[in-house]
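Reader: Hi! I'm new to this, so please walk me through the model.
Author: Happy to, here it is.

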Amino acid sequence: MTVQASPSARLLEGAPIAAEIRARVASDVAEFAGAHGRPPGLAVVVCGRSAPSMVYLERILKACAAVGIESQFVDVPGDDSAAQSAQLTAALHRLNADSSVSGIIVQMPLPPGIGLRVVVDAIDPLKDIDGIHPLNAGLLRLGYEGFVPATAHAALEMLEHSGVTIPGAEAVVIGRSPVVGMPVAFMLVKGGATVTVCHTKTRDLAAHTRRADIVIAAAGRPGLITGAMLKPGAVVIDVGINVVDGRIVGDVDFESAREVAAAITPVPGGVGPLTNALLLAHVVRAAQRQAVERTAAPGVGGAS
Ligand code: NAP
């Protein structure tokens, strides 16, 4: 009797693509600094410290330093949500007016009691490098260039960089949040895929995933997608980040899925590293756009 080795999916790792993006960003940063006398700048606003947000913050500040982007951490402390909302608004107005700050990200999730609306109402869309402002969301919806959320961008970049054909593909996105699921869906539609968006009210999730050439899991539910729910040869992008027994896992049951899929992202090590590298690229693009606007309208957007 011959024992056949199970097929195993190609691993779509984020680190090599992220390294390429960071190298390009470092060179763009140097060129920008040469032309404008200072590098692009990023401000990371953290509203209420928590262990995961501090780990994320350290990672992003380090990544900025490695490519020459100036970065600052803006702490909005407190446990009174009304006072904290007012402080957050004031911090965003100050950063909007600071011409050394090219991009702003506000660490999510916000503490309970502080709505996303506070950020949306205050952040300058030109500095909104994670694409949460309605202007950027609207530009994406209409198919124009704006800032898209870095995670959604990373999911698409992973597909494109891995040579996956998007035009004509059947794609299923699991998750409909404004920061991940919906922007991914709009980008896939723009790329020519036929897209189904699933969520908690979807009646038969497996019936949808089983006919998908591309599955994007962004639900935040460990083990939600198993190999039995996939079409053989599908490409699976796992955006989920969940902590189970102290380990980080995605939304896809990796072991069963890799036996059926043609390609799959690991968690950790897939979409995550790409997200961070793309955020840096967004900072540079913001700085370049603001420099063009300043040249077009001298005196607007602060001195120097
Ligand atoms: P979210 O706001 O909680 O949205 C989750 C979405 O998934 C919702 O639309 C929800 O449906 C849907 N969903 C939840 N359980 C489901 C189920 N059993 N079946 C079908 N749909 C289900 O989360 P998010 O901010 O979009 O983030 C999604 C995941 O991505 C999380 O794990 C998050 O940690 C991760 N993430 C990763 C990165 C990265 O860099 N890799 C960055 C950001 C977020 P309803 O709308 O019906 O509730």
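Reader: Which residue in β6 is the bridge partner of Val 172?
Author: Val 172 has Thr 196 as its bridge partner in β6. Before we go on, this is a predicted model, where local features need pLDDT of at least 70 and side-chain atom pairs count only at pLDDT 80 or more, while totals for chains, interfaces and linings use all residues. Residues are numbered from 1 along each chain as its sequence is written, and side-chain values use heavy atoms, with hydrogens and water left out.

Reader: Do tell me about the strands there. How many bridges do β5 and β6 pair over?
Author: Five, in the parallel sense, with β5 covering residues 170-174. Strands here are DSSP runs of E with at least two residues, helices are runs of H or I with at least four, and both are numbered from the N terminus. Two strands pair if DSSP finds at least two bridges between them.

Reader: And what order do the strands of the open sheet have?
Author: The order of its six strands is β1-β11-β8-β7-β5-β6, with parallel pairing. At the edges are β1 (10-11) and β6 (194-198), each pairing on one side only.

Reader: Switching topic: which residues come nearest to the ligand?
Author: Thr 151, Arg 176, Ser 177, Thr 200 and Ile 241, out of 20 residues around it. A residue is near a molecule if one of its heavy atoms lies within 4 Å of it. By class, that shell has nine nonpolar, nine polar and two charged residues. Ala, Val, Leu, Ile, Met, Phe, Trp, Tyr, Cys and Pro count as nonpolar, Asp, Glu, Lys and Arg as charged, and the others, Gly among them, as polar.

Reader: How far is an oxygen atom of the ligand from an N or O atom in the side chain of Thr 200?
Author: It's 2.4 Å there. For the side chain of Arg 176, an N or O atom is 2.7 Å from a ligand oxygen. With Ile 241 the backbone takes part, with an N or O atom 3.0 Å from an oxygen of the ligand. A pair of N or O atoms within 3.5 Å is what we call a polar contact.

Reader: How much of the ligand does the protein bury?
Author: 70% of the 930 Å² that the ligand exposes when taken alone. Those areas come from the Shrake-Rupley method with a 1.4 Å probe.

Reader: How do you define a pocket, and what is a cavity?
Author: On a 1 Å grid over the protein atoms alone, a cavity is a set of points where a 1.4 Å probe fits but cannot get out, a pocket is an open set with protein on both sides within 12 Å along at least five of seven lines, and lining residues have an atom within 4 Å of a point. A volume is the space filled by probe spheres set on the points, which are joined across faces, edges and corners.

Reader: How many cavities of 30 Å³ or more does the structure hold?
Author: One. The largest cavity has about 40 Å³ of space, and its lining includes Phe 32, Arg 38 and Gln 290.

Reader: Last one: which residue does a cis peptide bond join to Met 108?
Author: Pro 109, with omega about -5°. Pro 109 lies in the loop between β4 (103-106) and α4 (116-122). The bond from Val 267 to Pro 268 is cis too, with omega near 0°.

Definitions and conventions
A polar contact is a pair of N or O atoms within 3.5 Å; within protein, one must be able to donate a hydrogen and the other to accept it, and residues adjacent in sequence count only if both atoms are side-chain atoms.
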